[in-house]
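Student: I want to go through this structure term by term. Please set each value against its definition.

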Amino acid sequence: MDMPEFPYHPDPISDNTFVQSADTCECCGWATGLIYNGPIRYTSHKQPVKKLCPLCIADGSAAATFNVTFCDELVGEEVAPGIKDVIMKRNPGFPAWRLTKWLTHCGDACRFKGPYGWRGLRELDNLELVDSLRDNHDSDFEDDEWELVSSSLHRDRGGATAMVFECRHCGQLVGYVDEL
Ligand SMILES: [Zn+2]
Ligand SMILES: [Zn+2]
């Protein structure tokens, strides 16, 4: 299977959004070799579906068949309803502890760049990104408190992770902190 193109989530294998699996997709009935490992949000009290392939997410059939979405909220600038619809229903979310936020910039949803820990953030060395992580946090931090939070971020180890996005138009990096 060729991975369908996800313009807002270009590399969903590297961040474990899709994992290798022999399971069949509950939407199309095919075993594509990859199964979705990100959030599935549903309105009924019972989870209607667990196993989905990339193709059924990309073409919107999984969202339509099971009445589910793959993201919780868009954060940042207002975007056109059509863009919000793509993020909610035709774009794979990413594994996270809490509500999955999708950041927006320049009137569009951003491209997900991946989960980052303090080491990765230091390599990116991007002040605007650090400001964005801080601004999008529920708590207001003093500088020394923020130092503590940012030095505890890990890409894979759980606890707290920076979810980083890149604007598809101006290239600015933005993000939020996901934590247990
Ligand atoms: Zn499928
Ligand atoms: Zn921008």
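Tutor: Start with pairing: two strands pair if DSSP finds at least two bridges between them. Strands here are DSSP runs of E, at least two residues long, and helices are runs of H or I, at least four long, both numbered from the N terminus. V75 stands opposite L103 in β6. Note that the model is predicted: local features need pLDDT of at least 70, side-chain atom pairs count only at pLDDT 80 or more, and totals for chains, interfaces and linings use all residues. Residues are numbered from 1 along each chain as its sequence is written, while chains are lettered from A and ligands numbered from 1 in the order in which they are written.

Student: How do you know that β5 and β6 pair?

Tutor: Count the bridges. Three join β5 (residues 73–75) to β6, and pairing needs at least two, so the pair qualifies. The two strands run parallel.

Student: Why are β5 and β7 called edges?

Tutor: The open sheet has the order β5-β6-β7, with mixed pairing. β5 and β7 each have a single partner strand, so one side of each is left without a neighbour in the sheet.

Student: What makes β6 mostly covered?

Tutor: Five of its five residues are buried. Buried means 20 or more other C-beta atoms within 10 Å of the residue's own; exposed means 12 or fewer, and partly exposed lies in between, with C-beta atoms placed from the backbone. K101, L103 and H105 cover one side, W102 and T104 the other.

Student: Why is β9 called largely enclosed?

Tutor: Six of its seven residues are buried, so the rest of the structure largely encloses β9. β8 pairs with β9 in the antiparallel sense over five bridges. Seven bridges join β9 to β10, again antiparallel. Their hairpin has six residues between the strands, and G171 takes a positive phi near 80°.

Student: What makes a nonpolar core, and which members touch the most others?

Tutor: A core is a set of buried Ala, Val, Leu, Ile, Met, Phe, Trp, Tyr and Cys residues joined through C-beta atoms within 7 Å. The largest has 38 residues; L52, C56, A62, A162, V164 and V174 touch the most other members. Elements supplying at least two residues each include β6, β9 and β10.

Student: What does V174 touch?

Tutor: Contact means C-beta atoms, placed from the backbone, within 7 Å. Leaving out residues up to four places away in sequence, V174 touches G76, L103, H105, C110, L129, S132, F165 and C167.

Student: How do you know that the size agrees with a compact globule?

Tutor: The rule, 2.2 Å times the number of residues to the power 0.38, is set against a radius of gyration over C-alpha atoms. For 180 residues a compact globule would come near 16 Å; the protein has 17 Å, which agrees.

Terms used. Contact = placed C-beta atoms within 7 Å.
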